[in-house]
Each structure stands twice: as structure tokens, then as C-alpha cells.
Amino acid sequence: YFDPRKNTILVTGRTPEEARSILVHEIQHAVQNKEGWSPGASLENIPYDSRTKQQYEQKVMDLKRNKNIDFTDKDNLKNIDRRLRTELYKRTAGEADARLAQARQYFTQEDLRAFDPTNFYDIPLKEMLIGKP
């Protein structure tokens, strides 16, 4: 977790390698904050984040029109909501950048010089949600 108010990072991992990967991800969020770039997101704030609110509300409306969903099954609704939040979370530019930083953490200097990040994002650039929450 990166806390921009305190400019601190808290990392835990099951293994040192996992902790290192998470640290790289969170350092990228610190860089985004310092540079004024589009920041990361949190699953909890997806319905309220200006980058994701409209898409979230539209997808919820679409789901409400779906006659195949059992709206009395609370566990199923929680799972649907979690998947929806996760999809939008992953589409924020700050999270895509942080995942890309993780992906290249073991690159050599030569790899980094030859690396074109636009070819390696895990979501299409045109689908990224850019801006501030």
C-alpha cells in the first residue's frame, strides 16, 4: 500500500520475492504521485472514483436488466460486484503502469533499452481509464 499523504509504502508478502514484486508495484504508485501522473485505484473506491464511476453505474444498470441473474443470491451478487470492481480497477492507467513495472523488474539494461512499453500493457491503451480519482 502506498499512502500519498504520508509518502510511505507498506508491503507484506508470503515470500521475499512476492514482497519485492509488490514493492516495485507500490514504488511505481509513489512515482506517479510525485510526477502528477494518473494514480492507482482501490477496489473499495471504484463506484465513487471519477474515472470509473460512470462505467460502474452503467454495468450495474446492465446487470439489473439481465433476467438470468438471481438477485436474491447475495453471495452471487457479491462475486459479480467484486469482478466488476476488479475489471475497472485493472483498467485504471495507474494500476496498468504499476503492473508493467512489476513485469519488467528483472529486465537487464539491454532489455530495458529495447523495451517499448506500449506493446506490453496487459490492457489495450484505448481502454485505460486516465485521470485523477
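I began with Arg65, which counts as exposed because its relative accessibility is 53%; the classes I used are buried for under 20% relative accessible area, exposed for over 50% and partly exposed in between, with a 1.4 Å probe and protein chains only. The model is a predicted one, in which local features need pLDDT of at least 70 and side-chain atom pairs count only at pLDDT 80 or more, while totals for chains, interfaces and linings use all residues. Residues are numbered from 1 along each chain as its sequence is written, and side-chain values use heavy atoms, with hydrogens and water left out.

I then looked up the partner of Arg65, and found that its side chain meets that of Asp62 in a salt bridge at 2.9 Å, N to O, where a salt bridge is a side-chain nitrogen of Lys or Arg within 4 Å of a carboxyl oxygen of Asp or Glu. Both residues lie in helix 2, three residues apart, about one turn of the helix; helices (H or I, at least four residues) and strands (E, at least two) are DSSP runs numbered from the N terminus. Asp62 counts as partly exposed, because its relative accessibility is 41%.

By this rule I noted a count of eight salt bridges. Among them is the pair of Glu87 and Lys59, with the closest N and O atoms 3.1 Å apart, and this pair links distant parts of the chain, as Glu87 is in helix 3 (residues 74-91) and Lys59 in helix 2 (residues 53-65), 28 residues apart. Glu87 is partly exposed at 33% relative accessibility, and Lys59 is partly exposed at 27%.

Glu87 and Arg91 are four residues apart in helix 3, so about one helical turn separates them. Arg91 is buried, with a relative accessible area of 16%, and I recorded Lys59, Glu87 and Arg91 as linked in a network of salt bridges.

Next I checked the surface, where Ile9, Leu23, Ile27, Val31 and Trp37 make a nonpolar patch of about 390 Å². The largest share of this patch, three residues, comes from helix 1 (residues 16-35). Val31 is found in helix 1 and counts as partly exposed, because its relative accessibility is 32%. For patches, residues need over 30% relative accessible area and no salt bridge, with like charges joined within 9 Å and nonpolar side chains (Val, Leu, Ile, Met, Phe, Trp, Tyr) within 5 Å.

Methods
Accessible areas come from the Shrake-Rupley method with a 1.4 Å probe; for residues, only the protein chains shown count as cover.
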